[in-house]
Amino acid sequence: MDRYICIHGHFYQPPRENPWLEAIELQDSALPYHDWNERITAECYSRNTASRILDGEGRIREIVSNYARISFNFGPTLLSWMEKYAPAIYRAILDADRKSMEWRSGHGNAIAQIYNHVIMPLANTRDKRTQVLWGIRDFEHRFRRFPEGMWLSETAADIESLDILAEHGIQFTILAPHQASRVRRIGTEKWRDVSGGQIDPTRAYVCKLPSGKTLNIFFYDGPISRAVAFEKLLTRGEDFAGRLLSGFSDKRKWPQLLHIATDGESYGHHHRFGDMSLAFALHDIESRRLARLTNYGEYLEKHPPMHEVEIFPHSSWSCMHGVKRWKYNCGCNSGGHPDWNQEWRTPLRDAFDWLRDQLMIKYGQKAKGYLKDPWQARDEYITLLLNRSEDQVNKFFERHVTRTLSAKETIFVLELLEIQRNTLLMYTSCGWFFDELSGIETIQIMQYAGRAIQLSEKVFGYSIENVFLDKLAQAKSNIAEQKDGAHIYERFVKPAKIDVKKVGVHYAVSSVFEDYPENTGIYCYTVTREDYHREESGKIKIAVGRASIRSEIIRETERLCFCVLHLGNHDFSGGVHTFLGDDAYTLMKNEIMTLFERGAFLDLIRLMDNHFGMHNYSLKHLFKDEQRKIVNQVISSTIEEFEETYRRMYENNRLLMGFLRETGMPIPRVFYTAAEFTLNQDLKKACEEEKDPRRTQSILLDMKKWNIPMDTADHEFAIRRRIEMLIDELRKHPADFSLLQKIERKLQLFPALPFKIDLWHVQNVYYDMAKTTYKEFLIKAKAGDTDAALWTEKFKQIGHRLFFNIAAVLPEA
């Protein structure tokens, strides 16, 4: 077959981690999920590990991994998050790459990516090399092979960047068609102009570089890629397949490669069910043998380039002005605010470039006293980002230090390297991509700059923050109240800065509500309890203790003592300071506990001021997740008190509400409030329990009768989590017939609900069990086992309710 199809998905999210905690904190805008990484994983990344292929009646015939059939790259920082917070999805992506190697002549579908999505043409040479090396090492660590290709952020390319890719063994990259300047057949002298996207995208090209090396380049099909991203081509899989096939031409006499490239988030996040459209199109094309699915590595091996290409340097796929979108007010923006400008981009980048250069100079000067080659050590620091174990740290220092370092010197070198890591992260492209200086993406990269500055003050002994702020002040916001970059930094970055004492505050306050073990992890810190005492007097609680807190990033440890007083609800008062010795600690503890036992709480607060100073801490100083957790505990106890009142008001006045409604008289708003609260609580409980669906139907009729708004998102999320727990339990204990009964009862409730339940995970587990567990029970049933026969029949019934084509999914069903 001389027709090949390759779909490339660029799967990426900007780093969202708090630079001081190395974790993403709660993001309310992503509700009901914890944060946007989790939400987009649920909507897109997970979906493509198990995408549905439906029959003509909309029932599931097959569940497939799209990653095993398309070319893809994942941002390293996204995979790092996924490895910890979505491990099953992470493993499925790696497994899909291994499976693709079996199908594609030993060539895996996955390719590498520049480490943290910087715009390469705007980076200096050192940063370009580090970005490439970190991207390669991260890929090798995860996929257990060397990457054949590498994705350039925003496909932003210049000659030096291509040369660095080739220097480090990368065979190919993917660019937009308008990035090609001219082509010629290898062995000929005459060039043909292909500017304006005229290049034929159905073959591979080779680019000769100044170093004498070469790099292969694929230019994706622009019109079809745009249709996927922006023209709703993914609405129907049949249309998608047809459009892909339309890219072939009988006039071409070579093996044609029809390939497209878009953000991977098109398949599920930007376009709901886009993953299913992709799965259907690929299945349809492959099953009807209309073209052969391939990836770039396999095509390159079978059909090496016959043409040479030159590109337009400083070009990209998302800015028609080259790479100006990430430095100038070029006119490229989201289009949502036509009255805004992006003049802020230039002074922001200038400020960052100044900061980077200052910190690079100081790094080179300081690090050479400890490291054989400071820049090689920086390039290989990726090994610690991937594995910060004690053994790995020791091996790193054995390779790079000029002599044996003391513990203090080791911390110093790690701080130097962390400064460099944060200066690299602060160039993540999203900080310049959007319309406004005060956007969350730009604040995020400012926070990386803030972390680098904070470390530099400690390491170098002086501050450059004021000069940096003077430069940031030149970047003007479109929003009057945000003023400029310096104001935004003062408002959003400085308050976010964290030191060991703030970690101690978090530990102290949260310990009033949570029983911590002797050693506990708080984000990238380990807290070791040395002494702890907690007492209660009615609703009032007090905790006094001391602990050592160690940063797992820079290995620094500090000992602190603390006291926190909880006066009820959200009223906290607390203090933390450096541990001053056993005698001082014992005296403080005894004095405080004596006053607490006497109930002299005002005297106690004054005593805490004496010991800890006037810098008291409270609930608002906790990190977001724990703060929300404690506040929810406080709120839930209050809600329980109100629930009885609301319920009594609703039940005692239902008949009166009916009378008012029938006579056309207005119903007091307070009655509606009581009904809304009570009925939503009743619906939630009814759906969570495996009881008569008529109870749920009755509640829904009452809600419709009184025109009560429904907490749809909360109800769906709670119901979904419950049935997911049941199916997971069934997978662990398949012989437990009661679990099958509970699952079926739960599914019987769903048709009565005025909203749909997302059954994606439940269907996945069912499909896996259909291919494994069901077969075992079927064999027993055929051998005369009546319990097994009941099990298989109930399993089929559940399959029908889960919208499966039973004949296609269950063997001999």
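**Cysteines, cores and aromatic rings in a predicted model**

Searching the whole structure turns up zero disulfides, a disulfide being a pair of cysteine sulfur atoms within 2.5 Å. The structure is a predicted model, so local features need pLDDT of at least 70 and side-chain atom pairs count only at pLDDT 80 or more, while totals for chains, interfaces and linings use all residues. Residues are numbered from 1 along each chain as its sequence is written, and side-chain values use heavy atoms, with hydrogens and water left out.

Cys 561 is in no disulfide either, its nearest cysteine sulfur being that of Cys 563, 9.5 Å away. Cys 332 counts as buried at 13% relative accessibility, and so does Cys 561, at 2%. Here buried means under 20% relative accessible area, exposed means over 50%, and partly exposed is in between (1.4 Å probe, protein chains only).

On to the packing. A nonpolar core is taken as a set of buried Ala, Val, Leu, Ile, Met, Phe, Trp, Tyr and Cys residues joined through side-chain atoms within 4.5 Å. The largest such core has 221 residues, and Met 82, Phe 240 and Phe 352 touch the most other members. Helix α16 (residues 440-460) gives this core its largest share, ten residues; helices (H or I, at least four residues) and strands (E, at least two) are DSSP runs, numbered from the N terminus. Beyond its neighbours within four places in sequence, Phe 352 is in contact with several residues, including Trp 432, Ile 445, Met 446, Ala 449 and Phe 468, where contact means heavy atoms within 4.5 Å. Another core, of 19 residues, lies apart from the largest one and has Val 544, Met 593, Phe 601 and Met 608 among its members.

The aromatic rings come next. Rings of Phe, Tyr and Trp (its six-membered ring) pair if their centres lie within 6.5 Å; planes under 30 degrees apart count as stacked, over 60 as edge-to-face and the rest as tilted. By that count the whole structure has 45 aromatic pairs. Tyr 507 and Tyr 516 make a stacked pair, because their ring centres are 4.9 Å apart and their planes at 20°. Tyr 507 is buried at 2% relative accessible area, and Tyr 516 is buried at 12%. With Phe 562, Tyr 507 makes an edge-to-face pair, the centres being 5.9 Å apart and the planes at 80°. This second pair links distant parts of the chain, with Tyr 507 in helix α19 (residues 500-510) and Phe 562 in strand β18 (residues 557-566), 55 residues apart. Phe 562 is buried too, at 3% relative accessibility.

Elsewhere, one aromatic cluster includes Phe 11, Tyr 45, Tyr 67, Phe 139 and Phe 143. Phe 146 sits in the loop between α4 (125-143) and β6 (150-151) and is partly exposed, at 35% relative accessibility. Leaving out neighbours within four places in sequence, the contacts of Phe 146 include Ile 136, Phe 139, Glu 140 and His 168.

Charges also meet rings. Arg 203 lies over the face of Trp 254, at 3.7 Å from the ring centre, and the charged end of Lys 362 sits over the ring of Phe 460, 5.9 Å from its centre. The cut-offs are NZ of Lys or CZ of Arg within 6 Å of the ring centre and within 35 degrees of the ring normal.
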